[in-house]
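Dear colleague,

Please find below the structure that I am handing over to you. My findings follow it.

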Amino acid sequence: MCAVPVDGNMAVMIKKIGVIGSGQMGNGIAHVVALAGFNVVLNDVSLDRLKSAMATINGNLSRQVAKKIITEDARKQALDRISSADSIDELADCDLVIESAVEKEEVKRKIFHDICAVLKPEAIIASNTSSISITRLAASTDRPERFIGIHFMNPVPVMELVELIRGIATDDATFDAAKEFVTRLGKQIAVSEDFPAFIVNRILLPMINEAIYTLYEGVGNVEAIDKAMKLGAHHPMGPLELADFIGLDTCLSIMQVLHEGLADSKYRPCPLLVKYVEAGWLGRKTHRGFYDYRGDKPVPTR
Ligand code: 3HC
């Protein structure tokens with residue numbers, strides 16, 4: 001449990017966590033939060049999406065049991081701590097809500113509008129945005145001082161790092177509570193100032209975008225580019241494989257935020273990335289991106 005001083009005296013205990021969005025980041029966040037002993041309400045727009053997220057969480061917990069990272073008992077307890085909710089109203093009694101919806105500012109703003117209407121005033125709101133200004137998102141809520149960026153990496157159960165980003169108004173109590181919460185999850189923290197894409201994505205996404213330019217200009221094909229970076233730079237995944245893993249729509253959104261936010265042409269999204277997104281080839285989640293995942297093994301699409 002994490003104690004958050006309110007008005008210098010009262011303390012709010014962080015016991016119940018709401019996670020909004022049950023996609024690959026949201027279900028990973030629910031997974032690690034439940035495993036750390038917190039009760040979680042996982043929210044999404046449809047029961048079908050929630051059902052599929054719970055199946056993914058169960059699959060990933062089972063994988064951890066098979067690898068002897070957690071016990072079978074821990075898997076069962078974690079699953080029991082997660083409840084599904086297709087209405088945001090069911091998050092009303094949460095002490096901390098982590099928004100992990102699609103990387104579109106208008107969608108996030110609508111979520112914050114709806115959640116602020118039901119949430120108790122002392123509750124903290126966090127966004128898992130990959131790139132959007134925490135200060136701007138906070139300003140769309142009724143509690144900018146109790147708003148913070150808690151940015152997880154994919155796959156959440158495996159990656160050690162979480163970035164913490166304070167908005168201009170985030171108060172010390174909220175920052176300290178977020179630090180304590182992330183530590184309870186067993187993750188390491190890197191603190192980032194609130195500038196476009198923070199630290200990891202500011203460095204990682206231009207590298208991925210450059211790999212796509214390398215493909216676009218015909219310097220190498222998909223296989224050559226990924227092989228070069230895996231064997232030549234010891235990256236665990238090639239940049240195009242990683243782009244498919246992150247989601248090409250998310251990659252494009254991050255590049256757009258960098259391009260618009262820093263007004264430097266070096267962040268121009270590669271036209272080939274735009275084309276893949278326009279085709280609906282978003283990577284693994286749609287079974288096609290720089291690789292085609294519909295067969296037994298991934299086949300490069302270029
Ligand atoms: N849940 C639980 N465990 C998982 C998992 C999941 N979703 N996915 C993989 N694992 C575990 C496996 O069980 C395995 O455990 P072990 O080491 O104990 O055997 C371990 O992770 C490695 O998995 P695999 O053997 O299946 O596969 P790899 O060895 O190829 O590793 C990887 C997979 C960890 C994903 C590795 O390829 C990697 O590190 N890739 C780079 C990931 C990365 O860069 N992420 C950051 C993206 S940027 C981001 O997320 C920010 C966002 O805003 C865009």
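The model is predicted, so local features need pLDDT of at least 70 and side-chain atom pairs count only at pLDDT 80 or more, whereas totals for chains, interfaces and linings use all residues. Residues are numbered from 1 along each chain as its sequence is written, and side-chain values use heavy atoms, with hydrogens and water left out.

**Domains**

An automatic or database assignment sets the bounds: domain 1 covers 2–192 and domain 2 covers 200–300. Eleven residues of domain 1 and eight of domain 2 form the contact (heavy atoms within 4.5 Å). Zero salt bridges are counted between the two domains (a side-chain nitrogen of Lys or Arg within 4 Å of a carboxyl oxygen of Asp or Glu).

**Ligand**

Around the ligand there are 18 residues, of which Arg63, Lys67, His151, Asn154 and Asn201 come nearest (a residue is near if one of its heavy atoms lies within 4 Å). The side chain of His151 places an N or O atom 2.6 Å from a ligand oxygen. For Ser130, a polar side-chain atom is 3.4 Å from an oxygen atom of the ligand, and for Asn60 a side-chain N or O atom is 3.3 Å from a ligand nitrogen.

Yours sincerely

Note on methods: A polar contact is a pair of N or O atoms within 3.5 Å; within protein, one must be able to donate a hydrogen and the other to accept it, and residues adjacent in sequence count only if both atoms are side-chain atoms.
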